[in-house]
Structure formats: C-alpha cells, structure tokens
Amino acid sequence: MKYFLSAGEASGDIHGAPLMRALRRLDPQAEFMFLGGDEMTAAAREGDGSAAPLIHYRDMAYMAFSEVLRHLGKIFGNLRVAKESLGAWRPDALILIDYPSFNLKLAEHAASLGIPVYYYISPKVWAWKEWRVKKIRRLCRKVLSILPFEVDFFRKHGMEVEYVGNPSVEEVEQREAALPRRDEFIGIHELDPSRPILALVPGSRRGEIRNNLPIMDAVARRFPSMQPVVAGAPAIEPEFYRGYTGYPVVEGCTFELIRNSACALVTSGTATLETALLGTPQVVCYRANGSRLSYNIMKRLIKCPWVSLPNLIADKEIVPEMLVHLCTVDGVAEQLAAIVPGAPGRDEMLRGYARMRGRLGTFDAPLRAAEIIVSDLRAG
C-alpha cells in the first residue's frame with residue numbers, strides 16, 4: 001500500500017521515522033511519500049534507496065505570528081505542492097503528525113479525494129483551540145493518541161481514538177543504551193571533566209532560540225561552578241547561535257547532552273518529556289514576545305493547569321514552568337538553584353519522573369499505530 005506522511009517540524013520527523021519502519025514491517029510492499037526531514041528520509045531509504053522528502057520540514061517550521069506572516073507565500077506554496085502530490089499519487093492513507101494548521105488543510109483535501117486520514121500525535125486541542133475537534137472528527141478516521149489522558153477527551157467528543165503508547169519512551173530507551181558515558185562525551189566535545197554540565201535546550205525553531213537562549217545564557221552565568229552547553233537543533237546552522245550565546249554548541253546529540261548533564265533548561269515541548277525520561281532535572285522555559293497581559297489571556301484560553309508534558313502526564317506539577325513574563329533570569333535561576341546536585345528539590349523531581357513514567361505504560365507506539373492503520377485499511 002501507499003502511505004503519505006506529513007510532519008512539519010523536527011519532532012514530527014523523529015517520530016515519523018519509526019512509524020514508517022513499523023508500517024514496512026507489517027506491509028513489506030509499503031511505498032512512502034512524505035513531508036519531513038533526515039530521519040524519515042533514512043527510514044524511507046531502507047526500502048528503496050532513493051526516497052527524499054517532498055518538502056523538508058526546515059522549509060515549513062514557522063511558529064510566531066509575525067514569522068508566519070513573513071512566510072505566507074512559502075506556506076501556501078508548500079500546501080499547494082502537498083495537495084497536488086496527494087492528488088496525483090493517490091495514497092491508500094494520509095498520516096498526519098501534529099502540525100495542525102497545515103495538516104488539517106491537507107486533511108480536507110485528502111477527504112475530498114476519499115483518502116482515509118489518520119492522526120498520529122494529534123494537536124493539543126484539549127489545551128486550547130478546542131473548536132478544532134469538530135474538524136478532526138469530520139476529517140479523520142482515527143486518532144492514534146500518544147498521551148493517555150487524551151483518550152477520554154476525544155471519546156467525549158465522539159471520536160475514534162486509541163492510546164498507542166508514547167514513542168518517546170522507546171526512543172529514549174533504545175538510544176540511551178547506545179549513549180556514550182560521561183567521560184566519553186566530554187572527551188568527544190572537549191569539555192571540562194571537573195565541572196557538571198548544564199544543558200541549554202532552547203528549541204528547534206529560530207523563533208524559539210531567539211527568544212529563549214538569551215535568558216538561558218544569562219541564567220547559566222549565575223552558576224559558575226557548572227559548565228553550560230547548548231543543544232544545537234537539526235537544520236539550524238551553528239553561526240545562528242553565536243548571536244545569542246558564547247557557550248559551546250553541540251550538534252546532533254541532544255539526547256547525549258541531556259543524559260550527561262546534571263540539570264537542564266528546556267524550552268517547552270517534546271524535549272521536556274525526553275528530559276524527564278532521561279532522568280535529568282529541568283526547568284521548563286518559554287519566553288515568547290509577550291507580557292503579563294498576554295500571559296493572563298493565555299491562561300484563560302488554555303483549558304488545563306499546565307503546559308509541559310511531564311506535568312500533564314503525571315497530573316501533578318513535577319517540573320517548574322517559567323512561561324512568558326515569568327521566564328526571567330531571576331525566576332529561572334531561582335528554580336534552577338532548587339534542583340542542582342545537593343539541592344532539596346532534586347530528589348522530589350526525580351520521584352515525580354517515576355510517577356510520570358508509570359502512567360505512560362510499556363507500549364511500542366509506532367508498531368501499535370502501524371498495526372491499527374494497516375488492519376483498518378485491509379478491512380476496507
């Protein structure tokens with residue numbers, strides 16, 4: 001069968017690749033067309049040796065309103081290319097991976113062509129923009145949920161939904177087994193073995209990095225006993241970081257950096273869950289172009305008490321969330337001081353991580369999602 005997958009950012013590319021491998025495992029004749037990145041390209045090439053993304057996510061990942069506005073022509077061009085390719089190739093299924101503004105438009109086109117649509121890693125409509133639920137219910141045959149608390153929400157809205165497990169669990173377990181030891185990591189990147197590492201993880205998009213890295217840099221300077229190291233994101237050139245920090249940037253090894261760090265400052269997103277699964281205490285940071293007023297508006301719009309995945313999954317605040325105007329140098333530094341080695345809050349956070357991990361279960365998420373999709377398509 002033919003599968004069209006659409007992932008518009010780095011995290012979607014990471015999660016899309018194992019799903020492609022699982023689909024091929026169940027359907028050896030599987031063919032793929034996809035919007036994604038290097039991870040999905042590698043997975044596709046394991047089959048035919050020649051696949052490349054229809055559109056690379058680095059040409060799609062725009063986040064802030066102003067950034068979207070500046071790239072409207074590019075965004076509409078990407079959507080046109082995706083729709084035309086969908087119509088010409090006529091896949092057996094369209095599989096969406098997060099990225100709702102773009103993907104729901106693509107889903108509308110697929111539905112008009114009679115192509116079944118599956119949502120793997122659905123939009124966080126339980127947090128805000130709940131009105132999107134009606135569109136997802138109308139356009140998608142099934143939602144394949146990766147967060148256990150989503151199931152009741154989607155079923156309440158009359159949707160077909162199954163919890164397939166969280167892909168980050170297996171990804172972290174598989175990759176952690178092959179990670180270099182701390183002394184090896186330090187040697188490879190020429191770091192100081194006498195100082196604990198403070199990981200600065202400012203996000204995978206330029207806007208996130210631009211907003212968050214200066215705060216992280218300033219906080220790090222207040223902890224001279226620690227060694228700050230920046231996690232370089234895929235498709236972001238190292239020179240970009242130089243405008244916001246003088247600390248070393250390591251590329252393509254965020255897992256290794258986080259696992260070998262004593263603490264981390266992490267921009268809100270999937271990386272917060274990965275950091276928790278790796279067992280590294282963290283402060284969640286999200287500095288956007290906003291004020292106390294915009295924060296209060298956001299708090300009224302968001303329908304859940306937290307925004308970071310560790311807290312949402314644990315159903316308890318286990319990591320501090322420093323958002324918008326709260327994401328200041330003083331505020332983040334105070335929270336970091338509470339979880340450095342020897343601080344009283346460190347063990348409490350690690351106990352919270354154990355609670356979160358227990359709630360995620362032991363499913364093989366990509367394989368379970370692939371089983372549901374292939375079985376559903378074969379059933380007709």
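In this predicted model, helix α5 meets helix α6 through Pro100, Ser101, Leu104, Ala107, Glu108 and Ala111 on the α5 side. The α6 side of the contact consists of Arg132, Lys135, Ile136, Arg138 and Leu139. By residue type, the contact of α5 with α6 divides into six nonpolar, one polar and four charged residues.

**Helices α5 and α6**

- Helix α5 covers residues 100–112, and helix α6 covers residues 132–139.
- The axes of the two helices come within 10 Å and cross at roughly 35 degrees.
- The crossing of α5 with α6 is left-handed.

**Helices α10 and α16**

- Helix α10 (residues 206–220) packs against helix α16 (residues 329–337) at an angle of about 55 degrees, and their axes are 9 Å apart.
- The angle makes α10 oblique to α16.
- The crossing of α10 and α16 is right-handed.
- The residues of the contact of α10 with α16 divide into seven nonpolar, no polar and no charged.

**The sheet**

- Seven strands make up an open sheet with parallel pairing, and their order is β3-β2-β1-β4-β5-β6-β7.
- Strands β3 (55–56) and β7 (161–163) stand at the edges, and each has a single partner strand, so one side of each has no neighbour in the sheet.
- Strands β1 and β2 are paired in the parallel sense over five bridges; the bridge partner of Lys2 is Glu31 in β2.
- Strands β4 and β5 run parallel and are joined by four bridges; Ile97 has Tyr120 in β5 as its bridge partner.
- Strand β6 (residues 142–145) pairs with β7 in the parallel sense over three bridges; Leu144 has Glu162 in β7 as its bridge partner.

**Burial in the strands**

- Five of the six residues of β1 are buried, so β1 is largely enclosed by the rest of the structure.
- In β5, Val117 and Tyr119 point one way while Tyr118 and Tyr120 point the other way.
- All of these β5 residues are buried.

**Helices lying across the sheet strands**

- Helix α1 (residues 10–26) lies across β1 (2–7), β2 (31–36), β4 (93–97) and β5 (117–120).
- The direction of α1 is at about 165 degrees to β1.
- Helix α5, described above for its contact with α6, also lies across β1, β2, β4 and β5.
- The direction of α5 is at about 170 degrees to β4.

- Is Tyr163 buried or exposed? Tyr163 has a relative accessible area of 17%, and buried means under 20%, so Tyr163 is buried.
- Leaving aside neighbours within four places in sequence, Tyr163 is in contact with Ser145, Ile146, Leu147, Pro148, Val151, Leu360 and Phe363.
- Ser145, one of these contacts, is in strand β6, which covers residues 142–145.
- Tyr163 and Arg368 are 205 residues apart in sequence, and their C-alpha atoms are 9.0 Å apart in space.

Methods:
Residues are numbered from 1 along each chain as its sequence is written. This is a predicted model: local features need pLDDT of at least 70, side-chain atom pairs count only at pLDDT 80 or more; totals for chains, interfaces and linings use all residues. Side-chain values use heavy atoms; hydrogens and water are left out. Two strands pair if DSSP finds at least two bridges between them. Contact means heavy atoms within 4.5 Å. Axes are lines fitted to C-alpha atoms, for helices over the stretch in contact, and angles run from 0 to 180 degrees between N-to-C directions. A crossing is left-handed if the near helix is turned anticlockwise from the far one by less than a right angle, and right-handed if clockwise. Ala, Val, Leu, Ile, Met, Phe, Trp, Tyr, Cys and Pro count as nonpolar, Asp, Glu, Lys and Arg as charged, and the others, Gly among them, as polar. Angles under 35 degrees count as roughly parallel, over 145 as roughly antiparallel, 65 to 115 as roughly perpendicular and the rest as oblique. Buried means under 20% relative accessible area, exposed over 50%, partly exposed in between (1.4 Å probe, protein chains only).
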